[in-house]
Amino acid sequence: MKITSAEFIISAVRPDQYPEDALPEIALAGRSNVGKSSLINRMILRKNLARTSSQPGKTQQLNYYKINEQIYFVDFPGYGYAKVSKTEREAWGRMIETFLKVREELKLVLLIVDIRHAPSKDDCLMYDWLKHYEIPICIVVTKADKIPKSKWDKQIKLVKETLQADPTDKVIMFSSELGLGREQLWDYILTETSD
Ligand code: GDP
């Protein structure tokens with residue numbers, strides 16, 4: 001995928017702040033520190049557009065990035081950060097639920113998990129939520145460079161089993177470090193967003 005433009009547009013909290021140009025949207029969900037910003041930066045070939053998280057859990061907004069004047073990435077705030085208060089967690093839940101419920105432009109959610117660990121309880125809740133709202137999911141297993149290739153299959157199985165994923169769910173291996181999976185993920189995103 002050739003990137004001709006990539007820009008940060010807005011941090012939105014409420015629906016009246018979502019962009020109005022009706023481009024298809026791909027959201028990214030995952031725990032703090034899972035590698036979401038690195039994945040966005042690798043996908044759009046920019047070193048630092050998506051801020052890699054210096055303050056995990058602090059960005060309680062939906063960060064919109066417009067790519068090639070064609071598509072939006074909507075970066076959800078990372079979850080599972082221990083120091084976030086109950087009030088903040090609840091606000092997070094309301095914001096995401098509203099988005100999932102009302103946002104017709106949302107075409108796909110990338111659920112990003114770390115290849116080294118079983119998905120967390122929060123990952124499972126997010127997965128169930130997305131299924132509940134019938135939103136297409138792509139499970140992106142990142143940091144693939146962190147373990148030997150011989151162990152990938154076992155970890156993918158663990159990820160799918162823990163999430164109780166549908167056998168039909170798309171799973172893509174990724175490494176922001178190596179650029180592995182980038183083209184495959186773009187191909188999938190473009191297929192899912194072309195009607
Ligand atoms: P975020 O909180 O989900 O946005 O996570 P970041 O993108 O800030 O990444 C968290 C840490 O993991 C950083 O130190 C990254 O350099 C590292 N990281 C992210 N993706 C990868 C990857 O694919 N491979 C390796 N080796 N490190 C990664």
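How far apart are the end C-alpha atoms of helix α4, and which span should its 12 residues have? Residues are numbered from 1 along each chain, as its sequence is written. The model is predicted: local features need pLDDT of at least 70, side-chain atom pairs count only at pLDDT 80 or more, and totals for chains, interfaces and linings use all residues.

Helix α4 covers residues 152–163. Helices here are DSSP runs of H or I with at least four residues, strands are DSSP runs of E with at least two, and both are numbered from the N terminus. The expected span of a helix is 1.5 Å times one less than its number of residues. At 1.5 Å a residue, α4 should span 16 Å, and its end C-alpha atoms are 17 Å apart, which agrees. Just after α4, Gln-164 takes a positive phi of about 55 degrees.

Let me turn to the chain as a whole. Its secondary structure comes to five helices and seven strands. From the N terminus on, the order of elements is β-β-α-β-β-α-β-α-β-α-β-α. The radius of gyration is 16 Å, close to the 16 Å from the globule rule for 195 residues, so the chain is as compact as a globular protein of that length. The radius is taken over C-alpha atoms, and the rule is 2.2 Å times the number of residues to the power 0.38. Along its principal axes, the C-alpha trace spans about 45 × 40 × 35 Å.

Of the 195 residues, 32% count as buried. A residue is buried if 20 or more other C-beta atoms lie within 10 Å of its own, exposed if 12 or fewer do, and partly exposed in between, with C-beta atoms placed from the backbone. Two residues are in contact if their C-beta atoms, placed from the backbone, lie within 7 Å. Among contacts with a separation of 6 or more, 75% join residues 24 or more positions apart.

Next, the sheet. Seven strands form an open sheet in the order β1-β3-β4-β2-β5-β6-β7, with mixed pairing. Two strands pair if DSSP finds at least two bridges between them. The edge strands, β1 (6–12) and β7 (170–173), each pair on one side only. Neighbouring strands are turned by 25 degrees against each other on average, direction ignored. Axes are lines fitted to C-alpha atoms, for helices over the stretch in contact, and angles run from 0 to 180 degrees between N-to-C directions.

Helix α3 (residues 121–132) packs on this sheet, where it touches β2 (25–30), β5 (106–114) and β6 (137–142). The direction of α3 makes about 160 degrees with that of β5. Within α3, Met-126 is buried, with 24 other C-beta atoms within 10 Å. Leaving out residues up to four places away in sequence, Met-126 touches Ala-29 and Leu-111.

At the β1 side, six bridges join β1 to the antiparallel strand β3 (residues 62–67). Ile-10 stands opposite Tyr-64 in β3. Five of the six residues of β3 are buried. β3 also pairs with β4 (residues 71–75), in the antiparallel sense and over five bridges. In that pairing, Tyr-65 stands opposite Phe-73.

Three residues lie between the strands of the β3 and β4 hairpin, and Asn-68 takes a positive phi near 55 degrees there. Glu-69, in the loop between β3 and β4, also has a positive phi, near 55 degrees. Is Glu-69 buried or exposed? Glu-69 is exposed, with 10 other C-beta atoms within 10 Å. Elsewhere, in the loop between β2 and α1 (36–44), Asn-33 has a positive phi of about 75 degrees. These cases deserve mention because most residues other than glycine have a negative phi.

Beyond its neighbours within four places in sequence, Val-140 is in contact with Leu-39, Leu-110, Leu-111, Ile-112, Ile-172, Phe-174 and Leu-185.
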